[in-house]
Amino acid sequence: MVNFHNLLAKFSADDARSIAYYLTRYFKGAPSLELGGKDIFKDIVVDFFDDEADQRIRDATLEAIAKIEQEVGVPASELDEDTVYRILGAIADFEDAITEEPSAKHVAEAISFLGKTKSIG
């Protein structure tokens with residue numbers, strides 16, 4: 001499996017978490033994303049997020065996707081369930097290994113997001 005620690009070592013903890021989020025989103029929804037032409041970098045609840053992933057995050061995510069697909073030998077849309085779970089587990093392990101606390105900016109964004117979602121419910 002791709003060594004996420006080596007691949008993403010140059011990124012801050014916040015950026016690495018963002019990349020892990022987009023990787024997870026991609027590998028969970030690859031078949032439907034490919035069929036529907038959806039962009040993993042556009043959040044579903046657009047009103048709650050001010051910006052899309054910056055180009056560094058996009059590039060690193062796409063690079064990781066390419067390396068994973070190269071390693072397993074097929075596009076994500078053709079992966080069997082066991083391989084998807086193995087990939088998602090590796091991404092989760094990587095994200096769990098990030099020991100640095102989220103930045104004040106990310107905490108504030110999360111609090112703001114949760115406050116805005118109360119009105120949906």
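**Starting from a salt bridge**

Modeller: Let's begin with Arg 56, which forms a salt bridge with Asp 15; their closest N and O atoms are 2.8 Å apart. The term asks for a side-chain nitrogen of Lys or Arg within 4 Å of a carboxyl oxygen of Asp or Glu. Before going on, please keep in mind that this is a predicted model, where local features need pLDDT of at least 70, side-chain atom pairs count only at pLDDT 80 or more, and totals for chains, interfaces and linings use all residues. Residues are numbered from 1 along each chain as its sequence is written, and side-chain values use heavy atoms, with hydrogens and water left out.

Why is this pair worth a look? Arg 56 belongs to helix α3 and Asp 15 to helix α2, so the pair ties together parts that are 41 residues apart in sequence. (Helices are DSSP runs of H or I with at least four residues, strands are runs of E with at least two, and both are numbered from the N terminus.) Asp 15 counts as buried at 16% relative accessibility, while Arg 56, at 43%, counts as partly exposed. Here buried means under 20% relative accessible area, exposed means over 50%, and partly exposed lies in between, using a 1.4 Å probe and protein chains only.

Arg 56 has another partner: Asp 54 forms a salt bridge with Arg 56, with the closest N and O atoms 3.4 Å apart. Asp 54 is partly exposed, with a relative accessible area of 36%. Through shared partners, the salt bridges join Asp 15, Asp 54 and Arg 56 into one network. That is our charged cluster. A search of the whole structure finds four salt bridges, and one of them links Arg 17 with Asp 14 at 3.8 Å between the closest N and O atoms. Both of these residues sit in helix α2 (residues 13–36), three residues apart, about one turn of the helix. Asp 14 is buried, at 12% relative accessible area.

Now follow helix α3 (residues 55–72) along to Glu 69. Glu 69 is buried yet has no salt bridge, and the nearest side chain of opposite charge, Lys 67, is 13 Å away. For this count Lys and Arg are positive, Asp and Glu are negative, and His and the chain ends are left out. What does Glu 69 touch, leaving aside neighbours within four places in sequence? Glu 69 is in contact with Tyr 26, Val 74, Pro 75 and Ala 76, where contact means heavy atoms within 4.5 Å.

Phe 4 and Phe 94 have ring centres 5.8 Å apart and planes at 45°, so the pair is tilted. (Rings of Phe, Tyr and Trp, taking its six-membered ring, pair if their centres lie within 6.5 Å; planes under 30 degrees apart are stacked, over 60 edge-to-face, and the rest tilted.) Phe 4 lies in helix α1 (residues 4–7) and Phe 94 in helix α4 (residues 81–97), so this pair ties together parts that are 90 residues apart in sequence. Phe 4 is buried at 4%, and Phe 94 is buried at 6%. Tyr 26 and Phe 27 form an edge-to-face pair, 5.1 Å centre to centre with 90° between the planes.

Finally, a word on confidence: pLDDT is the predictor's confidence in each residue, from 0 to 100. The protein averages 80, and 79% of the residues score at least 70. Over residues 45–50 the pLDDT is below 50. Where pLDDT is low, the predicted coordinates should not be read in detail.
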